[in-house]
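Have the structure open as you read.

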Amino acid sequence: MNQFNNAFTLFLSLLVEAVPFLLLGVLFSGLLLFFVDERKLIAVMPKNALLGALLGSLIGFLFPVCECGNVPVARRLLMQGAPAPVAIGFLLAAPTVNPIVLWSTWVAFRDQPEIVFLRFGLSLAIATIIGWVFSAQADLRSILQPGVACVIPTAKPVSRQGAEQPISPLLQSGTFLLGQSGRPLRMDASELQADLLEDTIASKPLPDRLNLLLENTIQELRELGGVLVLGSAIAAVLQVFVPRDWILSLGQGPVTSVLAMMTLAAVVSICSTVDSFFALSFAATFTSGSLLAFLVFGPMIDLKGIGLLLSIFKGRAIVYLFLLAAQLTFLSTLFINLHVS
Amino acid sequence: MSANLPSRRRRRDDKRSPRSFSFLPWLDVLAISSWGVLFLKYWMTGKLYLLIHPNYMGLTIVAGVGLLVIAAIKVLVLLNARRRSVPLDPGSQHLTLFPPGWGNMLLLVTAVLGLVVEPRAFASQAAIHRGITDSLVSTRIQHQSFTASTRPEDRTLIDWIRTLNVYPEPDAYTDQKVKVQGFVVHAPELPKNYILISRFIITCCAADVYPVGLPVKLAQSRDAYKPDSWLEIQGHMQTENLAGRRQLTIQSTSLQPIPEPKNPYDY
């Protein structure tokens, strides 16, 4: 009974500490989603793949989204013609490399500032590298879901705004796209409608946008709050009910601890704004490298995120993303375990 | 956005489906406001001290108010019929993770549990489970706020632990006066006439509390001092060979029961 009480107190304390950050993250991402036009951002992105990947990874500072919000934004970036390295850099880094997540990580790991800096640095480096690797894929459409692929080179935003993006001359009009895969892609009515709908967000009158912001906030609180409750419950139960010897033997090995925390990160799927509090409950028993592995890998790939990623990428591309992110995280945090801490 | 997702992954509570006339929006209001109420209740009753570091209480309080404000605005919107025709469901930007209503219910049930079940400070059992040491946990950086000029009898238990971390030789402290407060732990590895006087240290929230403690030598069996009871101990320091290693130990001269402090943790 006492054990149960401890677990419950732990569970509540995680929530009490995490919910303010969740609320802040949700409000911020909502505000920016509805009040900032990312098309202008794309226009200033460099063409160089490495630089693009790096800058893409840093867009998170403008769009502080956690890993549920980043997928829709990355998707829009791609559809509006952002180069692949930019979009993928953003996709992987934005959930971590943003002010709110840095703040919450700082709150949790005040005593170990190196965790905060390394989390930031490693996430940025890994996202940039993967974004760069993906620039080798000349025709991105073959790894995207058809729904995204067929609108990628769309001329629509350009023709409407008269603007800055390069236009493939093939794609300015007509209903059929002949991709390099030789497969014609049809721009069907529903997709066009969807894009029309999307376009109107930025131009809607203020009361409507505020209403959208409210709806968005409530929905994200509901979804992410639900995941947070489950994640906190898992953390509390693991910490209180699993025998300490067992956790210590797992958590002190330089390799096993990293693998365990990466697995946990993928399974628990906790939002990046608050995952540092989850990791904190393992700080006393797990190596610093493994905590970093959790904090770096979790926001990039997790079970919940895979569902979301499937709205952009085909399975094959997700496997690549997963393998690259997992390897890079594993190697870098193992290095930290063995040579730094 | 949702229109160009393949239909198998389309949101389950699709646009303008049951939401506009079902009770689900009200469940939203209930779930969100219940968390606001919970946070403010913890603040009013001082229970926040048991859960998080005082530095972050402001955040929780503001969040509690913020949640109530969001819930209130949602109520106004729901009551205002003109606003009901939301032109575009922003939710279509996300895939839902739960079936409709589940996320809400999860939040609501948790908040109600939190309102009903009182959180309690960690006690000796948790301390033993987490392993009490006379050193700060190895994965932690030591505090910088340590001052060496304190008179020995003015040091709190935490000050002693920090001092010991800087200079771990127990003989260096022999015969220094001690006056510390903490709770009693009956450590299984210690002989019957020893207790551990312990405190939990918190840096962020209860997830990272970790116990520290010093052994206390008693004149009699420890059964007179129940685990989890709070004591103020006076005495002087000496070195003892306990559990196979030399440890700084308090030779007690007076043990005074004290009430559990409002804020049982230390920082």
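This is a predicted model: local features need pLDDT of at least 70, side-chain atom pairs count only at pLDDT 80 or more; totals for chains, interfaces and linings use all residues.

The side chain of His186(B) gets to within 3.4 Å of a backbone oxygen, the one on Arg222(B).

His186(B) lies in the loop that links strand 1 (177-185) to strand 2 (194-201) in chain B. Is His186(B) buried or exposed? It counts as buried, because its relative accessibility is 19% and the cut-off for buried is under 20%.

Leaving out residues up to four places away in sequence, His186(B) touches Ile128(B), Ile195(B), Arg222(B), Tyr225(B), Lys226(B) and Pro227(B). As for Asp223(B), it is 37 residues from His186(B) in sequence, yet their C-alpha atoms are 8.9 Å apart in space.

## A nonpolar patch on chain A

Over on chain A, which residues form a nonpolar patch on the surface? They are Leu31(A), Phe35(A), Val36(A), Leu206(A) and Leu210(A), and together they have about 400 Å² of accessible area. Helix 1 (2-35) and helix 11 (206-241) of chain A are the elements that each give two or more residues to the patch.

Val36(A) belongs to the patch but sits in the loop between helix 1 and helix 2 (38-43) of chain A. With a relative accessibility of 33%, Val36(A) counts as partly exposed.

Definitions and conventions:
Residues are numbered from 1 along each chain as its sequence is written. Chains are lettered from A and ligands numbered from 1 in the order in which they are written. Side-chain values use heavy atoms; hydrogens and water are left out. Patches are made of residues with over 30% relative accessible area and no salt bridge: like charges are joined within 9 Å, nonpolar side chains (Val, Leu, Ile, Met, Phe, Trp, Tyr) within 5 Å. Accessible areas come from the Shrake-Rupley method with a 1.4 Å probe; for residues, only the protein chains shown count as cover. A salt bridge is a side-chain nitrogen of Lys or Arg within 4 Å of a carboxyl oxygen of Asp or Glu. Helices (H or I, at least four residues) and strands (E, at least two) are DSSP runs, numbered from the N terminus. Buried means under 20% relative accessible area, exposed over 50%, partly exposed in between (1.4 Å probe, protein chains only). Contact means heavy atoms within 4.5 Å. A polar contact is a pair of N or O atoms within 3.5 Å; within protein, one must be able to donate a hydrogen and the other to accept it, and residues adjacent in sequence count only if both atoms are side-chain atoms.
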